[in-house]
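Welcome! Let us walk through a protein model together, one piece at a time.

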Amino acid sequence: MNIGLYPKIAYEGMRKNGKLYIPYCITCILMVAIYYIVHFLAFSGVLIGIPGASTAVQMLGFGVYVITIFSAIFLFYTQSTLIKGRKKEFGLYSVLGMNKNNLGMIIFYETIMTWIAAIFGGLILGIGMSKVAELGFTRMIAAPVNYDFRISTDSVLHTIGTFTVIFLLIWLNTIRQIKFSSAIELVRSEKAGEKPPKANWFIGSLGVIVLGAGYVLAIRIQQPISALFGFFIAVVLVIVGTYLVLIAGSVLLCRILQKNKDYYYKTNHFVSVSSMAYRMKRNGAGLASICILLTIVLVILSSTSVLFNNSEYCLTVRYPNEIGAFACTYGYDENLTDLGERLDDILYEAAEAHGATVTNNKTYYTYSISGYLENDVLQVTLDSLSDMTFIDYDKVAQIQFIDVGLYNRVFGYNETVEPGKAIVGTANDITLGDTLIIGDSTFEVSKRIDDRIDEIDPASKIAVSPTIYMIVDDVEEVAQNYIQYQDYNGEPMLAWYWYCRFDTGLDVDGQIAVANDLSAILNEELGPLNFTNYYCDSHENQRTDFLSTFGGLMFLGILLSTIFLVSCVLIIYYKQISEGFEDKSRFEIMQKVGMTREDIKKSINSQMLTVFLIPIVFACAHLFMALPIIHKLLMLMGFMNMPMLVATASVCVVICAVFYAAIYKVTSNAYYKIVS
Amino acid sequence: MSLLEVSGVKKIYKTRFGGQSVEALKNVNFTVEKGEFVAIMGESGSGKTTLLNILAALDKATSGTVILDGMDVGKIKESQMAKFRRDNMGYVFQDFNLLDTFSLEDNIYLPLVLAGKKHAEMKSRLDEIAEPLGITNLLKKYPYEVSGGQKQRAAVARALITGPRIILADEPTGALDSKSSDELLDLFTKVNQMGQTVLMVTHSTKAASHASRVMFIKDGVIFHQIYKGDSTDTELYQKISDTLTLLAQGGDLK
């Protein structure tokens, strides 16, 4: 047989079934594009250097896996429904004398053609979109705009590799389907009438259990740093659970409804319940895919937009006063206290030279030590922190020692502390006993000032690891106990922090000018010394930075959401069209038996409404269950406001629901046109 | 007054571009009395299915009237049509037209569910007819699980369950083997003896021989009719064969 014949047959076959193949190809292209974009954003390093982006990058990195699993399941399912409609054609070919290998060749060429279209179309789209993303992003964060096309070879190769494997599996699966049926079975397959879906208690309940386990895992995760792995497991469980529940669980539900005679034998329920049992068997996977896409959209949209909304709050926490400055050095030096006092004076003078009236001055210095905190004992030994790769971040805590004299002077109290005792406060969610052992020294807790921590540093409550403030009798003496501790690099563990913040009473430009001046002074004073980090900035200057960072993330969120929503639209359209063709004859019969057009319309509406509400209801449930963990992940970016997260998530749900309803309306018209 | 009065029914099909028109029915006149079992016979293309579709209000006549129990079928509004059909007629199709998403029981219930009947009432109606139709054991099965004859019996049950004024059957034996055909025809006879009016369209002499009256349609008009009277099925079969032979030879029976 002529070799050129197979590609021709394959091409003609696809062209004749264009109504189904075109949406399928577009779906494939979109999947490839999504994969490329997410992979590109996660691994090409475009986002590196943007504060807060590291979490986004990490999330995107595991998003790549989620998308791989998702596209595999989804394309598999779509293709198998496609091939079902073509079995008759294949049967005819085999009746006409083609053997299974010949059919395999046709399917091979079809798969290859789809593969080429998907990879090329998807990559071109993906590269284009990633450029748009990059441009928008750099605009938002005010970085220099670069109009070169940046193509990540690594991402391209990964995309090609992943989808080649997926298409190979799809091809093998189709071959399997054709191999195990005789020519006459193929010819008849369309007419044979479908077996009624059986209620599968095992898979149905398994789905509920897996989904439940995913939810429980998501809710129970406590610490944001260790959360990412757990989150990944939870996501996989929820995806698998959604598929199982929607495929098997919903059939089960329909069967249970059918048992209830009074409910079932009603005009409104009769047709919809029984055809839904069929529909869910065939299209449960499609619904699950829609549901998962919607969930992804909701999660991305609500988390990025809440960060954007929250940037002002975040700014206030980080820069509570108009001017903020910070310096840090390691080790103990008796001159540091003097340096602190001197810096204070210099800054004051410099600020006043700009005409500022310094108020709300909260300038202080602390000695700080970090280690594992367990049972009120802080281990700062070399062993525990020697190996950075095995650090258990959940246990790390930071202690900041403040001299009681300084504390009283700056914050306006009249506390006294005896040697060996300490006034202790923390804004984090940790429990502390009456005695704290820090390194080799023991401190008795004479008083707790947890409610006053905001005065010392409002940012400590959004810190990743807990900070414990200890007001001690003589900070110099305490600090000397910790000189000997060194980290794995041989650097001292003890650190000296200098915090400075005050208001100036100047306008925006004045504040920025003061901050710039102070920055220069710090540079002059601390540059020559052994300081690891120092800066001075103004609230107003930071506002632009914060807005651009979170704005950039939000832009990214909207971009990704749009892509996901578009693919959602295609899935829905595809579903409607293919169902329409399937249902056509069914509704013809019903009309002959005496169903009015209105009945049909009503039945279609109620069916589609139920079927279409399912994904969004499930997506909302998923989002709701994910909120605690989203909140914890957002804490890494300084977000603390749970009610605001809930409110933003609700708004996102409403927006998506409206959009979804519009798609539903349009596609159901397409469906109705086919059916009637 | 007759149950069904058909007078002057004419049906003209226009080809899609309005060019040629085909006259499927020229001028059909007949009546059916209550309790009759009437067969309409004719060659393919003689217009018998068109006639049945007009009787069942699935299609509109170009002119003429169809009056069922005093109601003019042609004047029923489009919106009321489905309800009218559901309440007054039972239709048995050549290819069964059972829904594969329903069990046989639910297929039979369908018209009643559409009419908004209570489940208890549906059940008692089904119990009445299931036994004589011999489908009691099949009710829980799905169409794909049963044979053609069994499907057609379920379809008859679906037509009967609403207690229609008339049953219209379009080549009911067309898709059945001869044994199933016999069983089904006996069933129609039985149903007819219970008082049900049946109008069947067929080209099978065997099927027609079960009727109490056979009408012959040719070139869009009722050409001839035979009453069974006291003759047996076999005798009627013979008469029909003779008539058909004459028809084929183009002989004049009048």
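Is Glu171(B) buried or exposed? Glu171(B) is buried, because 20 other C-beta atoms lie within 10 Å of its own. The cut-offs behind these words are simple: a residue is buried if 20 or more other C-beta atoms lie within 10 Å of its own, exposed if 12 or fewer, and partly exposed in between, with C-beta atoms placed from the backbone.

**Ground rules**

This is a predicted model, in which local features need pLDDT of at least 70, side-chain atom pairs count only at pLDDT 80 or more, and totals for chains, interfaces and linings use all residues. Residues are numbered from 1 along each chain as its sequence is written, while chains are lettered from A and ligands numbered from 1 in the order in which they are written.

The model scores ipTM 0.76 and pTM 0.72. The pLDDT is the predictor's confidence in each residue, from 0 to 100. Chain B has an average pLDDT of 86, and 96% of the residues score at least 70. Within chain B, confidence is lowest in helix H2 (residues 78–88), with a mean of 81, and highest in strand E8 (residues 197–202), at 92. Where pLDDT is low, the predicted coordinates should not be read in detail.

**Chain A and its helix H13**

Chain A contains 21 helices and 10 strands. Helices (H or I, at least four residues) and strands (E, at least two) are DSSP runs, numbered from the N terminus. Of the 676 residues of chain A, 41% count as buried.

| Helix | Residues | Number of residues | Span, first to last C-alpha | Expected span |
|---|---|---|---|---|
| H13(A) | 336–353 | 18 residues | 25 Å | 26 Å |
| H5(B) | 148–160 | 13 residues | 18 Å | 18 Å |

The buried residues of H13(A) are Gly340(A), Leu343(A), Leu347(A) and Ala351(A). They sit on the same side of H13(A) because they cover an arc of only 60° around the axis, the arc being that of the directions from the helix axis to the C-beta atoms. On the other side of H13(A), the exposed residues are Asp338(A), Arg342(A), Asp345(A), Glu349(A) and Ala353(A). Strand E2 (364–374), strand E9 (495–502) and helix H18 (508–526) of chain A are among the elements that cover the buried residues of H13(A). Just after H13(A) comes Gly355(A), with a positive phi of about 90°.

H5(B) is largely enclosed by the rest of the structure, because 12 of its 13 residues are buried. Its buried residues pack against strand E6 (89–92), helix H3 (104–114), H4, strand E7 (166–170) and helix H6 (178–193) of chain B.

Now back to Glu171(B), which is placed in the loop between E7 and H6 of chain B. Its phi is near 45°, a positive value in a residue other than glycine. Asp69(B), in the loop between strand E4 (63–68) and strand E5 (71–72) of chain B, has a positive phi too, near 50°. Asp69(B) counts as partly exposed because it has 15 C-beta neighbours inside 10 Å. Most residues other than glycine have a negative phi, and most peptide bonds are trans.

**Where the chains meet**

How many residues of chain A are in contact with chain B? There are 22 residues of chain A in contact with 24 residues of chain B; two residues are in contact if their C-beta atoms, placed from the backbone, lie within 7 Å. On chain A, helix H10 (261–264), helix H11 (267–309) and helix H19 (539–593) each supply at least two residues of the side that touches chain B.

His119(B) lies in helix H4 (residues 119–133) of chain B. Leaving aside its neighbours within four places in sequence, His119(B) is in contact with Lys261(A), Asp262(A) and Tyr265(A). His119(B) counts as partly exposed, because it has 17 C-beta neighbours inside 10 Å.

**Nonpolar cores**

A nonpolar core is a set of buried Ala, Val, Leu, Ile, Met, Phe, Trp, Tyr and Cys residues joined through C-beta atoms within 7 Å. The largest one has 191 residues, and those with the most contacts inside it are Val32(A), Leu294(A), Leu298(A) and Leu168(B). H11(A) gives the largest share of this core, 24 residues. Another core, of 50 residues, lies apart from it and includes Leu347(A), Tyr367(A), Leu373(A) and Ile471(A).

Key. The expected span of a helix is 1.5 Å times one less than its number of residues.
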